[in-house]
Amino acid sequence: MQQGDLRPIDAAECLELLAVRTVGMVAFVDDDGQQLVPVNYVVRDGDVIFRTSADSFLAQLADGHEDVAFATSHQAELDQHGWNVTVRGRTSPQDATDLVGAPPRTWAGGVRDVLVRLHPEHVSGRRVHLH
């Protein structure tokens with residue numbers, strides 16, 4: 001059995017890696033229990049910004065939520081290496097007029113005009129490479 005080399009990634013590199021991806025997973029708990037949802041996102045000033053529709057259960061995060069996690073990762077199966085980055089923090093609304101740069105482009109259809117900003121309070125990541 002082959003063993004993988006698992007190494008932590010420092011916070012600065014985690015934020016750099018976060019900025020090179022466009023799809024991640026948002027995790028939080030609401031009145032219906034645990035939620036884990038894929039979203040398209042962008043990184044602005046170290047914060048994760050994603051958009052959703054006003055009638056989506058994700059829209060509640062724009063009202064502010066104190067305990068939200070977000071993760072993205074990269075896996076290269078051919079040469080068996082990868083990395084993951086996880087941030088935890090709180091959310092707030094993001095006004096489109098105050099957003100520097102383009103908002104995230106969504107893959108899902110419909111009107112998605114609610115922007116949510118996740119302010120990371122904890123950032124972690126790791127790399128793995130199979131020998």
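Trainee: Which residue is the bridge partner of Ala-27 in E5?
Mentor: Ala-69 is the partner of Ala-27 there. Before we go on, this is a predicted model, where local features need pLDDT of at least 70, side-chain atom pairs count only at pLDDT 80 or more, and totals for chains, interfaces and linings use all residues. Residues are numbered from 1 along each chain as its sequence is written, and side-chain values use heavy atoms, with hydrogens and water left out.

Trainee: OK, and which way do E2 and E5 pair?
Mentor: Strand E2 (residues 23–30) and strand E5 (residues 65–76) are antiparallel, with three bridges. Two strands count as paired if DSSP finds at least two bridges between them. The strands (E, at least two residues) and helices (H or I, at least four) are DSSP runs, numbered from the N terminus.

Trainee: How many bridges join E5 to E6?
Mentor: Ten, and those two run antiparallel. Phe-70 is opposite Val-87 of E6.

Trainee: Is Ser-92 buried or exposed?
Mentor: Buried, because its relative accessibility is 17%. Buried means under 20% relative accessible area, exposed over 50%, and partly exposed in between (1.4 Å probe, protein chains only).

Trainee: Switching topic, where is Asp-45?
Mentor: Asp-45 is in the loop between E3 and E4. That hairpin has two residues between its strands. Asp-45 is exposed, with a relative accessible area of 75%. Its phi is near 50 degrees, which is positive in a residue other than glycine.

Trainee: Which residues of H1 are buried, then?
Mentor: In helix H1 (residues 11–18), they are Cys-14, Leu-17 and Leu-18. Down the axis of H1, these buried residues fall within an arc of 100 degrees, so they line one face of the helix. The arc is that of the directions from the helix axis to the C-beta atoms.

Trainee: What's exposed on the other side of H1?
Mentor: Ala-12 and Glu-16. Also, Asp-10 caps the N-terminal end of H1, with a side-chain oxygen 3.1 Å from the backbone nitrogen of Ala-12.

Trainee: Last one: which residues lie nearest the centre of the largest pocket?
Mentor: Pro-38, Val-39, Asn-40, Arg-51 and Ala-108, out of 14 lining residues. E3 and E4 are the elements that give two or more residues to that lining. The largest share, four residues, comes from E3. As for what counts as a pocket, on a 1 Å grid over the protein atoms alone it is an open set of points where a 1.4 Å probe fits, with protein on both sides within 12 Å along at least five of seven lines, and lining residues have an atom within 4 Å of a point.

Notes
A polar contact is a pair of N or O atoms within 3.5 Å; within protein, one must be able to donate a hydrogen and the other to accept it, and residues adjacent in sequence count only if both atoms are side-chain atoms.
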